[in-house]
Amino acid sequence: MLLKDIIKIFENKYPKNLAYDWDNIGLIIGDSQRDIRKILVALEATEEVVDEAIEKDVDLVITHHPFLFKGLKRVTKDTPKGNCIYKLIKNDIAVYSSHTNFDIAYDGLNDEICSMLELENIKILDKTKADKMYKIVVYVPLSHEDKVREALGLSGAGHIGNYSNCTFNTKGIGTFMPLENTNPYIGSKGNLEKVQEVRIETICSENILSNVISKMIDAHPYEEVAYDIYELRNEGMKYGLGRIGDSKENMTLGVFAQYVKEKLDISDLRIVGSPNKEIKKVAVVSGSGSSMIHNAYSMKADVLITGDVKYHEAQEALELGICLIDAGHFGSEKIFVDIASRYLEANLKNVEIIRSDIYINPFVTI
Ligand SMILES: [Zn+2]
């Protein structure tokens with residue numbers, strides 16, 4: 001399968017446009033026209049992971065952390081990063097990274113943690129984006145109204161909340177006169193035609209708009225399809241970083257921390273707050289999320305689960321009266337390998353998916 005097709009499938013679920021502007025995601029090394037047979041999935045491409053990729057003869061490494069983040073001035077074997085790039089290109093191995101877009105996307109890292117902890121009533125902690133919405137209006141002869149409506153519905157137009165195939169339809173008279181060089185479906189050159197038509201109205205989000213228009217035109221019998229696209233002020237699907245939800249059972253912080261440790265399979269974690277404090281509302285931000293303490297506090301979370309908590313942030317949380325569980329950066333993100341691999345296995349044909357065996361957590365607790 002071509003790398004560009006794999007990327008398209010991956011970005012259907014984890015779109016690039018969800019990432020923060022400062023991030024560096026997508027195809028970082030490689031040729032998008034190359035055929036891919038084996039993919040290695042890892043949290044990041046350390047030198048050991050690059051060696052694993054060479055040893056296992058893979059064509060593509062997919063990582064969560066961007067393989068290149070800061071500007072590079074040279075690529076030589078004298079530096080660890082330069083050496084990795086050198087090895088990857090020499091062995092024709094591509095690298096693709098999906099970072100903050102993977103944190104923000106539905107069914108990404110934060111949703112997975114919520115599901116592992118069986119949290120309920122999940123909401124976004126910090127909204128970052130909403131889909132831009134468009135209204136589509138198309139004029140269709142009566143003979144083809146069902147066919148065009150069906151094409152619109154199948155291509156994803158007409159979704160409002162939990163309802164699909166939403167349209168509004170009004171009958172009216174369409175007029176047109178075919179000119180030279182036309183091949184009209186109805187009528188003849190030089191004669192004004194009056195046709196019973198239906199004005200079908202529906203909506204769709206920006207990311208599917210061009211596909212919806214192309215499917216609508218395919219289903220329409222006319223040589224020239226009359227349609228209008230209006231940009232709307234309605235907000236579509238909302239996206240954001242972090243999640244907040246309710247614990248199924250009330251637990252104390254001490255018991256809940258043990259529960260997190262077990263469910264996320266983490267060897268050790270740190271807590272901030274009294275172990276006896278009752279926990280019901282739980283905020284989650286995978287990776288480094290301690291800057292979101294105030295978001296969690298303003299949404300009345302009893303605890304924020306994240307990684308990389310610093311001393312002064314812990315002090316601040318104590319003062320606000322919100323508990324913290326520092327599950328570690330690695331501890332809260334290592335599940336990337338499994339989430340991304342499961343999605344690729346379910347959606348790619350004839351491509352082998354390998355989960356990296358390299359334990360990359362740089363911290364050791366003694
Ligand atoms: Zn991270």
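Analyst: Happy to. Buried means under 20% relative accessible area and exposed means over 50%, with partly exposed in between (1.4 Å probe, protein chains only). This is a predicted model, in which local features need pLDDT of at least 70 and side-chain atom pairs count only at pLDDT 80 or more, while totals for chains, interfaces and linings use all residues. Residues are numbered from 1 along each chain as its sequence is written, and side-chain values use heavy atoms, leaving out hydrogens and water.

Let's start in the loop between β3 and α3, where V75 sits; helices (H or I, at least four residues) and strands (E, at least two) are DSSP runs numbered from the N terminus. V75 has a relative accessible area of 43%, so it is partly exposed. Together with L72 and Y86, V75 makes a nonpolar surface patch of about 260 Å². Patch members have over 30% relative accessible area and no salt bridge, with like charges joined within 9 Å and nonpolar side chains (Val, Leu, Ile, Met, Phe, Trp, Tyr) within 5 Å. The areas come from the Shrake-Rupley method with a 1.4 Å probe, and for residues only the protein chains shown count as cover.

The zinc ion has protein donors from H65 (NE2), H329 (NE2) and E333 (two OE entries), lying 2.0 to 2.8 Å from it. Donors are N, O and S atoms within 2.8 Å of the metal (3.2 Å for Na, K and Ca), and sites may look incomplete because water is not among the atoms. H65 belongs to that loop between β3 (60-63) and α3 (80-90), whereas E333 is in helix α11 (residues 329-333), 268 residues apart. Both residues are buried, H65 at 13% and E333 at 2%. The 4 donor atoms give angles of 51 to 130°, an irregular site. Four donors would be tetrahedral with all angles between 85 and 135 degrees; square planar (four) or octahedral (six) needs opposite donors over 155 degrees apart and all others between 65 and 115, and anything else is irregular.

D57 lies in the loop between α2 (47-55) and β3 and R37 in the loop between β1 (26-29) and β2 (38-42), so the pair ties together parts 20 residues apart in sequence. A salt bridge is a side-chain nitrogen of Lys or Arg within 4 Å of a carboxyl oxygen of Asp or Glu. D57, at 44%, is partly exposed, and R37 is partly exposed at 39%.
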